[in-house]
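Subject: Structure handover

Hi,

Here is the structure for your files. My notes on what turned up follow below it.

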Amino acid sequence: MNRPRHFHPSAVAMAVLALLVAGCSGVATREIETERAALHRDPVSMNAKQLPEADIDAAGAVKIGAEQLPLTDGQRALTRDYRAAVIELVDLTLSGTAQITDHAMSRVLLASLIGRGDEAGERVGRQAESMVHSPQFCQLLDKVRQSQDRMVQSVTTLQPYAKIDAHAVENCRAGKPYDANI
């Protein structure tokens, strides 16, 4: 004898909601991938208080405001190295963000429906925090710092734009707050 299936509107609503939210997280992932493509294509920008923005393009050329900075081949190699290190760090961050956001929205929303939204939100926050204190992230942050230091020793005009110091890297490795404003 076939028994009729029980229809649970709340279960169907939750399933539909999960599908809708999964679509939203897919949009977020596509936006992250768009940012990643722009990162590799566009100049890397550096900022300093009361100074015009400095941009480093893929060839290592530096423009401060509207003015092209004259560089030697060696200096251009250093600016290219810095740009590559920044891109590597940001790529890691974007990859981690994509992984976190892939399911975060649906988890938080569904957890909210059963009264555990705060708990799910805190979990997502812990995931993000652990990402920016992971050994791989801190190692890349140190790589950016070292590359930055070599670059500004040679291209002294960029010294005011150097923001990452050894203390930030130490705090990253120790799991403490740090300011790594690139």
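Q148 is buried, at a relative accessible area of 2%. Buried means under 20% relative accessible area, exposed over 50%, and partly exposed in between, with a 1.4 Å probe and protein chains only. This is a predicted model: local features need pLDDT of at least 70, side-chain atom pairs count only at pLDDT 80 or more, and totals for chains, interfaces and linings use all residues. Residues are numbered from 1 along each chain as its sequence is written, and side-chain values use heavy atoms, with hydrogens and water left out.

Around Q148

Q148 sits in helix α4, residues 135–154. Helices (H or I, at least four residues) and strands (E, at least two) are DSSP runs, numbered from the N terminus. What does the side chain of Q148 reach at 3.0 Å? The backbone nitrogen of K163 is there. The Q148 side chain also makes a polar contact with the side chain of D149, at 3.0 Å. A polar contact is a pair of N or O atoms within 3.5 Å; within protein, one must be able to donate a hydrogen and the other to accept it, and residues adjacent in sequence count only if both atoms are side-chain atoms. Setting aside neighbours within four places in sequence, Q148 is in contact (heavy atoms within 4.5 Å) with Y82, A162, K163 and I164.

The cavity

Q148 also lines the largest cavity, along with M46, Y82, Y161, K163, I164, N181 and I182. On a 1 Å grid over the protein atoms alone, a cavity is a set of points where a 1.4 Å probe fits but cannot get out; lining residues have an atom within 4 Å of a point. The count is one cavity of 30 Å³ or more. Grid points are joined across faces, edges and corners, and a volume is the space filled by probe spheres set on the points. By class, the lining has five nonpolar, two polar and one charged residues. Ala, Val, Leu, Ile, Met, Phe, Trp, Tyr, Cys and Pro count as nonpolar, Asp, Glu, Lys and Arg as charged, and the others, Gly among them, as polar.

The disulfide

There is one disulfide, a pair of cysteine sulfur atoms within 2.5 Å. C138 is joined to C172, S to S 2.0 Å. The pair links distant parts of the chain: C138 is in helix α4, C172 in helix α5 (residues 166–174), and they are 34 residues apart. The link is left-handed, with -90° about the S-S bond. Both C138 and C172 are buried.

Two other glutamines

Q75 is in helix α2, residues 73–113. Q75 counts as buried, at 15% relative accessibility. A polar atom of the Q75 side chain lies 2.9 Å from the backbone nitrogen of T72. Not counting residues up to four places away in sequence, Q75 touches P70, S154 and V155.

Is Q50 buried or exposed? Q50 is exposed, with a relative accessible area of 85%. Q50 lies in the loop between β1 (44–46) and β2 (54–56). Phi of Q50 is near 60°, a positive value in a residue other than glycine.

The whole chain

The protein chain has five helices and four strands. From the N terminus on, the order is α-β-β-β-β-α-α-α-α. Of its 182 residues, 34% count as buried. Among contacts with a separation of 6 or more, 63% come from residues 24 or more positions apart.

Best wishes

Conventions: On a 1 Å grid over the protein atoms alone, a cavity is a set of points where a 1.4 Å probe fits but cannot get out, and a pocket is an open set with protein on both sides within 12 Å along at least five of seven lines; lining residues have an atom within 4 Å of a point.
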